[in-house]
Amino acid sequence: MKRFLLICLALSVTANIALGAKKSKKTHSREFRAVWVATVNNIDWPSRPGLSVEQQKTEIRKLLDLHKSDGMNAIIMQVRPSADAFYSSPTEPWSRYLQGNQGTAPEPFYDPLDYFIEQCHLRGMEFHAWFNPYRIKQSPKDQLVPQHIFNRHPDWGWSYGDRTYFDPGQPEVRNYLTDVVRDVVQRYDIDAIHFDDYFYPYKIEGEPLPDAKTFKQFPRNFKPSQIDDWRRDNVNIIIQMLNQTIKEVKPWVKFGISPFGVWRNGTSDPEGSNTRAGTTNYDDLYADIIHWLREGWIDYALPQLYWEIGHPSVDFSELATWWGNHTYQRAMYIGHALYKLDQASKSAAWREPDELIKQIQIVRANPKLSGSAWYSSVHFKRNLNGLREKMQLNGYQYQAIIPTMPWIDNTPPEMPQHLRLQNTEGGQLLTWQKNEKAKPMEQARFFAIYGSSKKSKVKKCDPSVLIDITGSNKLFFKEQNGRKSKKFYYSVTALDRGNNESIPSEIITIRP
């Protein structure tokens with residue numbers, strides 16, 4: 001008779017590792033592995049507006065199970081797509097992408113943000129709340145509820161092209177957006193606040209930005225010839241405000257930005273990259289992310305390098321190296337264009353899943369880069385010519401702990417205590433406890449499970465035997481007949497909110 005490990009919510013890949021499946025010996029025990037979950041136009045979740053609450057919850061669980069099985073450890077979910085909310089907000093209406101109409105709450109009531117966070121943490125995955133700060137309307141046809149903040153303050157924004165945006169130059173807008181973020185940080189157990197590349201809108205040829213009136217009203221000593229610098233300063237101000245607010249409310253909550261992939265071309269700035277991008281963060285979106293990194297206003301950058309290796313104007317390899325050289329002692333991850341992988345692509349590179357495997361290898365070969373994120377969730381369901389299997393065998397075959405951020409916290413939590421193995425119907429149950437009286441920064445949030453037939457590997461917390469990361473404090477060992485097995489050893493470590501890891505617990509032995 002053999003007893004083997006089944007972690008609550010465990011997946012087949014975990015069981016394979018626990019049983020000693022033959023895989024590459026190379027490990028990446030510390031690596032950020034995230035998936036963007038977009039809600040605009042129901043790209044990733046929910047699959048369509050108006051699903052029942054149970055259908056919405058089922059889709060959440062299936063989505064997280066899929067990404068957990070692929071070795072991911074973080075979800076970046078779009079919770080505020082267009083001045084609306086996928087959570088119960090005191091100031092903004094429910095998103096129309098949830099129930100079909102703006103302002104309509106789920107019935108029976110539940111809070112999708114709460115549920116997403118709960119389910120992520122149960123699976124040992126971080127939850128990064130993704131905000132679009134300035135977007136109000138995606139189309140002139142979009143209807144805002146009467147109580148919408150823009151209906152009450154129409155002078156806070158303007159239309160550009162077919163869309164409507166908050167005006168970044170308005171002090172009231174900056175205060176309002178800071179209050180929106182503060183509310184979420186206060187009320188929800190999120191791990192990070194995340195912004196993408198949408199600051200000032202992408203430029204439309206022949207259509208100037210309609211902010212001349214705001215510039216005249218709030219010039220802050222900038223001259224008319226310096227309006228571009230003024231725009232950059234508007235965004236600088238809110239980034240600094242948000243960083244201060246987040247850290248004042250909960251010092252452990254991270255602040256991350258996922259910018260467009262090119263800061264500046266080298267032809268415009270000697271510090272820029274060897275690229276020929278038609279759009280850049282600094283010159284066109286007025287987002288000086290390098291300044292934010294230098295000032296320590298953000299905890300991580302996640303540039304969207306959505307081009308192939310060897311692209312003639314924006315080469316993935318060139319940009320990955322450039323961003324790695326501009327970390328300024330903050331975390332640097334890389335965003336990958338999973339959505340571009342398609343056999344019908346005109347580019348030969350995007351017809352082969354090996355393109356993304358090579359990109360993972362480039363990121364891992366650079367010690368200044370510490371992980372990846374994938375856009376976006378729904379494309380994993382396509383499987384893309386076996387990409388998921390290739391990733392599990394050559395990329396994400398082992399679980400990984402998210403890297404620490406020592407500038408936030410570097411004190412590890414106490415190790416799990418009071419491990420107990422109990423006989424239950426159909427197997428054995430291992431439980432442990434954490435120190436509930438620990439300070440918030442040092443409380444155990446997740447637990448790392450190490451298991452091997454070699455006691456020495458477990459004792460040293462060898463990353464090759466890291467079989468799962470979980471938010472639960474229990475493991476179930478199910479009995480099965482007809483299998484031969486070696487004796488297995490298991491230990492548990494605690495991970496705090498900053499992913500600092502405790503020393504290992506005592507070793508538990510499971511015999512055949």
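Colleague: Which residues touch the most other members of the largest nonpolar core?
Modeller: This is a predicted model, in which local features need pLDDT of at least 70 and side-chain atom pairs count only at pLDDT 80 or more, while totals for chains, interfaces and linings use all residues. Residues are numbered from 1 along each chain as its sequence is written, and side-chain values use heavy atoms, with hydrogens and water left out. A nonpolar core is a set of buried Ala, Val, Leu, Ile, Met, Phe, Trp, Tyr and Cys residues joined through side-chain atoms within 4.5 Å; buried means under 20% relative accessible area, exposed over 50% and partly exposed in between, using a 1.4 Å probe and protein chains only. The largest such core holds 124 residues, and the ones touching the most other members are Ile 193 and Ile 239.

Colleague: Which residues does Ile 193 touch, not counting those up to four places away in sequence?
Modeller: Contact here means heavy atoms within 4.5 Å. With residues up to four places away in sequence left out, the partners of Ile 193 are Ala 129, Phe 131, Val 181, Val 185, Ile 246, Val 253, Lys 254, Phe 255 and Gly 256.

Colleague: How many residues are in the second, separate core?
Modeller: You can find it by looking for Phe 447, Ile 467, Leu 475 and Ile 508, which are among its members. The size of this second core is 15 residues.

Colleague: Are α6 and α8 roughly parallel or roughly antiparallel to each other?
Modeller: Helices (H or I, at least four residues) and strands (E, at least two) are DSSP runs numbered from the N terminus, and axes are lines fitted to C-alpha atoms, for helices over the stretch in contact, with angles from 0 to 180 degrees between N-to-C directions. The axes of α6 (residues 171-187) and α8 (residues 227-249) come within 10 Å and cross at roughly 25°. Angles under 35 degrees count as roughly parallel, over 145 as roughly antiparallel, 65 to 115 as roughly perpendicular and the rest as oblique. The two helices α6 and α8 are therefore roughly parallel.

Colleague: How do the residues of the contact of α6 with α8 divide into nonpolar, polar and charged?
Modeller: On the α6 side the contact includes Leu 177, Val 181 and Arg 182, and on the α8 side Ile 238, Met 241 and Thr 245 are among the partners. Ala, Val, Leu, Ile, Met, Phe, Trp, Tyr, Cys and Pro count as nonpolar, Asp, Glu, Lys and Arg as charged, and the others, Gly among them, as polar. The contact divides into nine nonpolar, five polar and two charged.

Colleague: Is Arg 30 exposed, partly exposed or buried?
Modeller: Arg 30 sits in the loop between α1 (12-18) and β2 (32-37). Leaving out residues up to four places away in sequence, Arg 30 touches Ile 401, Ile 402, Pro 403, Thr 404, Asn 499 and Glu 501. Its relative accessibility is 32%, so Arg 30 counts as partly exposed.

Colleague: What is omega at the cis peptide bond joining Trp 45 and Pro 46?
Modeller: Pro 46 belongs to the loop between β2 and α2 (53-69). For the cis bond from Trp 45 to Pro 46, omega is about -15°.

Colleague: What is the phi of Asn 221?
Modeller: Asn 221 lies in the loop between α7 (212-217) and α8. With 79% relative accessibility, Asn 221 counts as exposed. Although Asn 221 is not a glycine, its phi is positive, about 70°.
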